Each structure stands twice: as structure tokens, then as C-alpha cells.
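Hello,

Here is the structure I promised to pass on. Have a look at it first, and then read on for what turned up.

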Amino acid sequence: MLVNAAMDASRTNADRAPRGHSNVSQLTNPVATTLSGEFNLDTALRRIVATCRSDLLRYRAIVLASSQPEGIHQTRVALRRLHAAIGLFRDVGSNPELRGIAAEARWLAGECAPARDLQVFLAEVVPDAPQQISRVGARLAGKRLLRARKALGGARFEQFDHDLERFILAPPSVGGETLKAFGSRALDAHHAKVRHRGRNLSELRPTDLHRLRIAVKKLRYAAAFLLPAFESTAATAYVDATESLQNALGIMNDRTVGAKVLADIAGASRPSDRARRPCKRLGKHLRDNGRHDRRNLKQAWRAFKKTVPFWRGPS
């Protein structure tokens with residue numbers, strides 16, 4: 001009834017923020033959206049951060065002006081990508097300024113999370129939820145959107161954006177390791193971690209699946225950032241398989257988060273809403289419908305293991 005193919009389809013484009021630049025960005029220097037394998041790491045990181053900032057400002061404007069779900073979704077994606085990029089280039093980004101930027105990006109993403117989690121729950125996990133639940137959910141959604149807007153529209157965000165711009169516009173260092181050389185090592189490490197986390201997949205507990213999901217997400221971000229450094233025909237198949245694996249794990253995580261959101265809805269309901277009993281029935285349904293998710297995950301895992309790491313082939 002509730003968690004079905006519609007939910008699978010809705011995850012296909014999850015965490016995929018459009019790349020490119022927006023007129024919202026006030027950068028005064030040209031920033032290419034493509035990278036070269038011969039760039040040094042400092043140059044590459046500044047260009048990646050510039051792209052993340054451009055996406056962030058574009059979708060933040062949507063959040064502040066409307067309640068379109070895409071706004072809060074892609075704002076959180078841009079913040080996550082920014083945090084992931086700084087983490088990926090941790091040797092370059094070890095200075096206090098970048099650590100502060102990463103910490104603020106994580107905080108902002110956390111302030112957007114309740115609104116997005118509720119959107120996913122109502123639109124994807126339980127698209128045909130009982131009217132009583134939808135009514136309380138809509139009321140709660142307004143409060144959570146206000147929380148996100150407060151974080152994205154305040155002085156703390158303005159300082160965060162100022163720090164971002166200052167980092168992007170500062171001249172990069174000269175010399176050092178190339179993006180291609182770094183990319184091979186970094187992708188090898190992330191790929192190995194995913195394979196390690198996913199061993200004995202059928203025996204993994206929820207906490208283990210969570211660790212696997214985080215490892216896959218980091219691998220997917222790393223692959224997206226580093227892909228321009230390689231020219232490989234195997235890249236598309238690898239990225240697609242990684243994306244499918246992340247989506248399969250994401251669906252299972254949506255169900256886990258959904259149980260928490262449902263508890264929030266039950267707690268926010270009024271006696272006149274008559275939502276308590278529907279919440280209990282829906283909670284049982286969520287608990288009883290995990291087999292389909294496990295089958296999809298096993299298929300995605302098998303497909304991932306068959307793919308060829310694109311950075312290891314001739315380029």
C-alpha cells in the first residue's frame with residue numbers, strides 16, 4: 001500500500017544537486033565547472049567549493065521565497081556536498097578556516113533536515129497516508145520550514161557565505177600533487193571501505209547498514225568530484241551502480257527515519273485530529289514491510305561488485 005515502486009522511483013534522483021553556476025553567486029572571478037586531472041588539489045578544491053556555493057545560493061533563494069520541496073532538498077544536498085568535498089580533500093582543507101566552514105555546513109544541513117525528512121515521509125514513504133496524519137504533517141511541516149528559513153536567512157549564514165567567498169577568491173597554492181594522482185588513491189580507499197562495510201550483507205544489522213550507507217554516500221560524492229580527472233568508458237557504469245546502491249540503502253534509511261517522523265506527528269497531534277490510532281496502524285505497517293527493501297539492496301550490491309573501478313583502467 002505505502003512503500004512501493006513509487007518510493008523506489010522517487011529515490012532515483014536523491015542527493016543529485018544540479019551542477020553549474022547561477023547569477024545569484026557574486027563571484028568576481030570565472031570558475032570553470034569542469035576540472036582537469038592536472039590541477040593541483042588546492043585549485044580543484046576551490047573550484048568544487050565554488051560550484052557547491054553556487055548551488056547552495058540558488059536553492060536557498062527558493063527556500064526563503066516558497067515552500068517548494070525541491071528548494072529544501074537541494075539546499076541540503078549542496079551543504080552535504082560541500083561538507084563532503086572538504087572532508088575528501090582533508091589534507092588541503094586542514095586549515096582552521098575550512099574546518100569552520102565544514103562545521104557550519106553540517107549545522108545548516110542539520111537545521112534543514114527536519115523539514116526535508118517530513119517531506120520525504122509524506123511524499124515518498126507514505127504517499128497515501130490517512131488524512132488525519134497528512135493534516136498533522138502539513139501543520140508540522142510549516143514549523144519545520146520556518147526553522148530552516150531562520151537558519152538560512154540569519155546573520156550566521158551571512159558570515160558562513162562570506163567565509164566561503166573569501167576562500168574561493170583567495171589565490172590557490174602552486175605545485176603539489178595532481179588531482180589525478182590524488183583521485184586514484186582516494187577512490188581506492190573509499191571503494192575498499194564500501195566493500196569492507198558490505199561484506200556478509202545479509203547479516204548486517206541496522207547500525208551496520210547505516211555505516212555502509214554513509215560509506216557509499218562518501219564514495220559517490222568522491223566519484224562525482226574526481227570523475228573529471230579521468231577519461232574512462234567504465235565511469236558511467238560505476239557511477240550508476242554506486243547511485244543504485246545508495247538509493248537502495250536510502251530507501252531503508254527513509255523507513256527508519258520515517259518511524260521517527262511518525263512519532264513526531266503523533267506527538268504533535270491534537271485530540272481533535274484523531275490521529276493516534278492511524279499512527280499506530282501506520283507504524284506497524286512500516287515495521288512489517290522491509291523484505292522488499294532487502295531484496296532490492298541485495299540486487300544493487302551484486303551489481304556494484306561487478307562494476308570496474310573507472311580510475312584503475314587506461315585513461
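Axes are lines fitted to C-alpha atoms, for helices over the stretch in contact, and angles run from 0 to 180 degrees between N-to-C directions. Helices themselves are DSSP runs (H or I, at least four residues), numbered from the N terminus.

Please keep in mind that this is a predicted model, where local features need pLDDT of at least 70 and side-chain atom pairs count only at pLDDT 80 or more, while totals for chains, interfaces and linings use all residues. Residues are numbered from 1 along each chain as its sequence is written, and side-chain values use heavy atoms, with hydrogens and water left out.

Let me start with helix H4 (residues 96–125) and helix H9 (residues 235–268), whose axes are 9 Å apart at an angle of about 105°. H4 and H9 are therefore roughly perpendicular to each other. In contact terms (heavy atoms within 4.5 Å), Asp117, Leu118, Val120, Phe121, Glu124 and Val125 of H4 meet Asp254, Val257, Gly258, Val261, Leu262 and Ile265 of H9. Eight of the residues in this contact are nonpolar, one is polar and three are charged. For these classes, Ala, Val, Leu, Ile, Met, Phe, Trp, Tyr, Cys and Pro count as nonpolar, Asp, Glu, Lys and Arg as charged, and the others, Gly among them, as polar.

The next pair is H2 (residues 41–65) with H6 (residues 155–169), packed at about 150° with axes 9 Å apart. That makes H2 roughly antiparallel to H6. Among the residues that meet here are Leu45, Arg46 and Val49 from H2, and Phe157, Glu158 and Phe160 from H6. This contact divides into ten nonpolar, no polar and six charged residues.

How much of H2 is buried? Taking buried as under 20% relative accessible area, exposed as over 50% and partly exposed as in between (1.4 Å probe, protein chains only), 19 of the 25 residues of H2 are buried, so H2 is largely enclosed by the rest of the structure. Helix H3 is mostly covered too, with 15 of its 20 residues buried.

Finally, a look at Ala300, which lies in helix H11 (residues 291–306). Ala300 counts as buried because its relative accessibility is 9%. Leaving aside residues up to four places away in sequence, Ala300 touches Ser244, Leu245 and Ala248.

Best wishes

How values were computed. Helices (H or I, at least four residues) and strands (E, at least two) are DSSP runs, numbered from the N terminus. Angles under 35 degrees count as roughly parallel, over 145 as roughly antiparallel, 65 to 115 as roughly perpendicular and the rest as oblique.
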